[in-house]
Amino acid sequence: ATSLAKTLAQKFPDDFLFGVATAAYQIEGAAREDGRGPSIWDAFSKMPGRVYQQHSGDVACDHYHLWEADLDLIKSLGVDAYRFSIAWPRVLPDGRGPVNEKGLAFYDRLIDGMLERGLKVFPTLYHWDLPLGLSGDGGWTARSTADAFADYTDVVVRRLGDRFDALATFNEPWCICHLSHLYGIHAPGEASIEAFAAATHVVNLAHGRSVQAARAIRPDLPMGTVLNLHSVYPHSDSAEDKAAAERAFAFNNGIYLSPVFKGEYDAGVLDAFGDKMRIKAGDMETINQPLDWWGLNYYTPMRVQHDATPTAPYPQANIVPPSTDVPLTDIGWEVFETGLGDLIREVYARYDLPPCYITENGACYNDEPVDGTIADQRRIDYLDKHLAVVAETASTDIPLKGYFLWSLMDNFEWAEGYKMRFGITHVDYTTQVRTLKDSAHWYRALVEAHKSGR
Ligand code: PNW
């Protein structure tokens, strides 16, 4: 395995950056400690039937207390950078108003700990833990939440921003809008076109407002956003399915890419949702801030088929579940590394984009320890295939600068609770013992070989 990792390592540009990623609610625990306010995920996870066995992030990986050991773990992997998120309800327990110094102090310690260990600091401002207090106004469906997000950005950047290497506003607007407000699968569990359309525009607007707020304090801070784009494929070669795939691209990707990078919504999106988006004069200019970088999260492709139902809502495209003869991870997602390369080429062809980091990629395999070893060869295979595509793409004229593996360790996998494991480190949730999986050893060998080769 080590010699294979070496061969792969040689294919990356010298200055390519390797990292690992996590998110606050998925690892921190300490949900009621040091003045943290509740978030929509604290509330959602306690509602019956929403999260697998009503698991919650109350304790998670107890990273709030074990952060030093966790930073040592990251350091031991030899990676250059750590991508994590800042919990808004720790900083502003009610979402707005009084600042919670103890919450800021936690990230202050964490960031200093990263600097002591020579790790680059890649925070994300919002990875889904909206302060519950903002739900009263309508959460992400309310324009006032974009104001609150800009104020929160101001507080964070003032206090911590001098030590950030790059700041992301949002993690995955698609999950915040589609999954949480249209399909109702994630918090707050809304399922309406009205909520979806309103949230989409408010999240896009909040991104622009946040970039402005951050730059007002630190004009040189490299600003970006993290998108989970979908590599969309038509289920068949029929003209109908191809047209459906194009609509699905606009509905799932364009709806975030076009406002941020072109300052407009695609025509199909406007026709379908424009009257429910409550767009005001000047909004599109606010959203369209030039960015220094952007992040792409990629796990699996999206295959779609024309939806012939006469009343089907836009984009009249059904997602076709993976067939049984393709490889699947334990969460049921198709393994298709080609989709990553196709997707990056596609979006660089369609948009004028700054440099890109792969901010998440990884696989869910639920292997448990056997005699102290976690033999997750399937994860190694997944990573090997995807990283080969990343290396190949990074050596073209596409500015692909780095890769963050999801995830440093097993954690609270949202609606799937602790059942689904994406970590390269195994977490025993009873003892909080972390054990490196074979994939962690493999990743370390890859990063080490890359370092020694440059
Ligand atoms: C991303 N879906 O989430 C998130 O950024 C991570 O927090 C998460 O742990 C990781 O991917 C693995 O799931 C997603 O259902 C969660 O389509 C669900 C979906 C997509 C992304």
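User: Let's start at the ligand. How far is an oxygen atom of the ligand from an N or O atom in the side chain of His-127?

Analyst: That distance is 2.8 Å. Keep in mind that this is a predicted model. To read such a pair as a polar contact, look for N or O atoms within 3.5 Å. Asn-171 gives another case, with a side-chain N or O atom 2.9 Å from an oxygen of the ligand. Then there's Trp-406, where the gap from a side-chain N or O atom to a ligand oxygen is 3.2 Å. As for cover, the ligand on its own exposes 450 Å², and the protein buries 86% of that.

User: How many residues surround the ligand, and which are the closest?

Analyst: There are 16 around it, and the closest are Gln-26, His-127, Glu-360, Glu-413 and Trp-414.

User: Which element gives the most to the shell around the ligand?

Analyst: Helix α8 does, with 3 residues. On the sequence, α8 covers 173-182, and the loop between it and α9 (193-217) holds Pro-188.

User: What kind of peptide bond leads from Ala-187 to Pro-188, cis or trans?

Analyst: Check omega: here it is near 10 degrees, and the bond from Ala-187 to Pro-188 is cis. Tyr-314 and Pro-315 are also joined by a cis bond, with omega about 10 degrees. Look for Pro-315 in the loop between β8 (302-306) and β9 (317-319).

User: What about phi? Where is Gln-316, and what is phi there?

Analyst: Gln-316 has phi near 45 degrees, which is positive in a residue other than glycine. The residue sits in the loop between β8 and β9. Its relative accessibility is 27%, so Gln-316 counts as partly exposed.

User: Which contact does the side chain of Ser-407 make?

Analyst: Ser-407 makes a polar contact with the side chain of Asn-411, at 3.2 Å. Ser-407 lies in the loop between β11 and β12. Its relative accessibility is 0%, so Ser-407 counts as buried.

User: What does the side chain of Arg-218 reach?

Analyst: It reaches a backbone atom this time: the oxygen of Gly-161, at 2.3 Å. Arg-218 is in the loop between α9 and β5 (223-227). At 18% relative accessibility, Arg-218 counts as buried, because the cut-off is under 20%.

User: Now for sequence versus space. How far apart are Phe-16 and Leu-400 in each?

Analyst: Read the two separations side by side. Phe-16 and Leu-400 are 384 residues apart in sequence, with 8.2 Å from C-alpha to C-alpha. Phe-16 sits in the loop between α1 (2-9) and β1 (17-21), and it is buried, with a relative accessible area of 1%.

User: What are those separations for Val-433 and Cys-61?

Analyst: Here you get 372 residues along the chain and 9.2 Å between the C-alphas. Val-433 belongs to strand β13 (residues 433-436). At 43% relative accessible area, Val-433 is partly exposed.

User: And how far apart are Gln-305 and Arg-454?

Analyst: This pair is 149 residues apart in sequence and 46 Å apart in space, C-alpha to C-alpha. Gln-305 lies in strand β8, and its 32% relative accessibility makes it partly exposed.

How values were computed: Residues numbered from 1 in each chain as written. Predicted model: local features only at pLDDT ≥ 70, side-chain atom pairs only at ≥ 80, totals over all residues. Heavy atoms only, no water. Helix = DSSP H or I, 4+ residues; strand = E, 2+ residues; numbered from the N terminus. Buried < 20%, exposed > 50% of the residue type's maximum accessible area, 1.4 Å probe, protein only. Near = heavy atom within 4 Å. Polar contact = N/O pair within 3.5 Å; in protein donor to acceptor, adjacent residues only side chain to side chain. Areas by Shrake-Rupley, 256 points an atom, 1.4 Å probe, with all protein chains shown as cover.
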